[in-house]
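Visitor: I am new to reading protein structures, and I would like to learn how to look at one feature after another. Could you show me the structure and then take me through it?

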Amino acid sequence: MNQFDDIRPYFDSEVRGVLNRLLNDPAFLRLISRFKTPWLAKRAPSLTQWATRLLLSARWRHVHNVADLQQMVARYMAQTVANTTTSLTVNGLEKLSASQAYLFISNHRDIVLDPALVNFALDQAGFPTVRIAVGDNLFKDRLVGEIMRLNKSFIVKRTFTSPRELRDTFLTLSNYINGSIREGHSIWIAQQEGRAKDGVDRTDPAIIKMFNMSQKQTGATLSDVISNLNIVPVSLSYEYDPCDIAKARELEMRARTDTYEKTDNEDLHSIVSGITGFKGRVQVSFGEPLTGTYESAKAVAEAIDVQILRSYQLFPTNYLAYQKLREADPERVLPAIVPEYSDEQMSAAKMQFEQRLAQCSPALRPYLLAMYANPVISGLQFDL
């Protein structure tokens with residue numbers, strides 16, 4: 001068995017077989033029909049599943065490899081961007097080469113949409129798409145796992161029974177990522193485990209140490225490894241987070257009870273909400289490849305953070321939330337700042353933001369406000 005078989009995406013030769021398997025899977029047809037036509041799926045489940053199978057069979061007739069499938073995904077992403085955003089801005093790709101493989105490390109706000117937007121931006125600019133690092137928690141749902149592995153996702157295991165298993169798992173992951181870059185395949189990975197639900201974007205040095213694990217025996221320095229990986233920080237900015245209230249609910253419960261148990265299919269609901277929910281303006285900013293000498297994983301993480309925060313697009317929602325937190329907690333001594341928007345723009349945004357807050361219970365509002373305000377606070381801390 002190939003050493004990566006239990007984590008890798010599907011090969012081109014496997015795509016047709018997986019699609020045929022899904023077309024004959026009642027659970028998959030039920031899932032898609034509920035997503036596409038929830039009202040009808042409840043009242044006529046057999047009919048909607050039959051119709052879903054016919055529709056997918058027709059759409060997938062000419063899909064024989066990963067590239068074919070991703071062209072379908074690109075068309076769907078174009079519709080999603082048109083229907084759920086007021087604008088999508090992409091910058092920084094002019095500094096990169098479509099013939100070079102990169103390790104894209106980004107902040108993480110949405111389970112699926114973050115790498116999907118990076119892929120969409122790359123594809124639209126003529127760059128190859130990336131292999132996507134996805135936590136094994138999402139693969140607990142068999143169907144979600146199948147769909148993700150079809151779309152060039154590989155598994156990052158997060159559960160271990162011993163320190164040795166953790167070491168071996170991270171070593172395999174390190175080998176896979178380094179090997180992918182050497183073979184010309186770009187990678188997307190989040191800067192930390194899980195989404196930054198509180199809006200604080202910080203790179204975990206443990207991820208940098210994992211990259212280095214497979215190279216230690218070669219004699220390469222940390223700086224050599226970083227240079228060979230062509231690490232490019234990516235900053236994703238959303239004017240509105242479709243999952244903001246759900247995230248605030250989790251943060252409030254964790255603060256109050258020191259625990260939080262996910263409900264059944266919660267990740268799947270977050271995926272659907274993130275894709276279909278209104279996001280307002282969105283920006284994807286690609287940074288510059290890391291160069292120079294680094295003495296530690298922490299130094300590398302800080303260099304990534306600076307680029308991500310520097311290119312993060314602050315929207316009126318961020319400034320409005322910051323101002324509300326500042327007024328609500330004078331003892332915190334948050335400095336006064338001038339938004340980069342006109343009074344007219346801020347006034348227009350305020351009405352919509354107030355409507356968003358009104359949907360949130362009083363107990364959750366401080367967490368929702370902090371979620372939007374923290375990118376402002378992070379920029380102040382880094383003096384950007």
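**Reading a sheet and a helix**

Guide: Please keep in mind that this is a predicted model. Let us begin with a pair of strands: strand 3, residues 131-135, pairs with strand 4 in the parallel sense, and four bridges join them. Within this pairing, Val134 has Ile155 of strand 4 as its bridge partner.

Visitor: In what order do the seven strands of the open sheet lie?

Guide: As a general idea, the strands of a sheet pair through backbone hydrogen bonds, and they do so either parallel or antiparallel. Here the order is 1-7-6-2-5-3-4, and the pairing is mixed. Strand 1 (85-91) and strand 4 (153-156) stand at the edges with a single partner strand each, so one side of each has no neighbour in the sheet. From one strand to the next, the twist averages 25 degrees.

Visitor: Which strands does strand 2 or strand 7 show us as partners of strand 6?

Guide: Strand 2 runs parallel to strand 6 and is joined to it by four bridges, with Val232 of strand 6 as the bridge partner of Phe104. Strand 7, by contrast, pairs with strand 6 in the antiparallel sense over five bridges, and there Ser237 has Gln283 as its bridge partner.

Visitor: Are the two faces of strand 6 covered or uncovered?

Guide: In a regular strand, the side chains alternate between the two faces of the sheet. In strand 6, Ile231, Pro233, Ser235 and Ser237 are buried on one side, while Val232, Val234, Leu236 and Tyr238 are buried on the other, and both faces are covered.

Visitor: Is Gln283 buried or exposed, and what does its side chain contact?

Guide: Gln283 lies in strand 7, and because its relative accessibility is 10%, Gln283 counts as buried. Its side chain makes a polar contact of 2.8 Å with the side chain of Ser285. Leaving aside neighbours within four places in sequence, the contacts of Gln283 include Thr89, Asn91 and Gln313.

Visitor: Where do the buried residues of helix 1 fall when one looks down its axis?

Guide: An α-helix has 3.6 residues a turn, so residues three or four places apart point the same way. In helix 1, residues 12-23, the buried residues are Val15, Val18, Leu19, Leu22 and Leu23. Seen down the axis, they fall within an arc of 135 degrees, so they line one face of helix 1. Among the elements that cover these buried residues are helix 2 (26-36) and helix 5 (66-84).

Conventions
Residues numbered from 1 in each chain as written. Predicted model: local features only at pLDDT ≥ 70, side-chain atom pairs only at ≥ 80, totals over all residues. Heavy atoms only, no water. Pairing = 2+ DSSP bridges. Axes fitted to C-alpha atoms, helices over the stretch in contact; angles between N-to-C directions. Buried < 20%, exposed > 50% of the residue type's maximum accessible area, 1.4 Å probe, protein only. Polar contact = N/O pair within 3.5 Å; in protein donor to acceptor, adjacent residues only side chain to side chain. Contact = heavy atoms within 4.5 Å. Expected span 1.5 Å × (residues − 1). Arc of directions from axis to C-beta.
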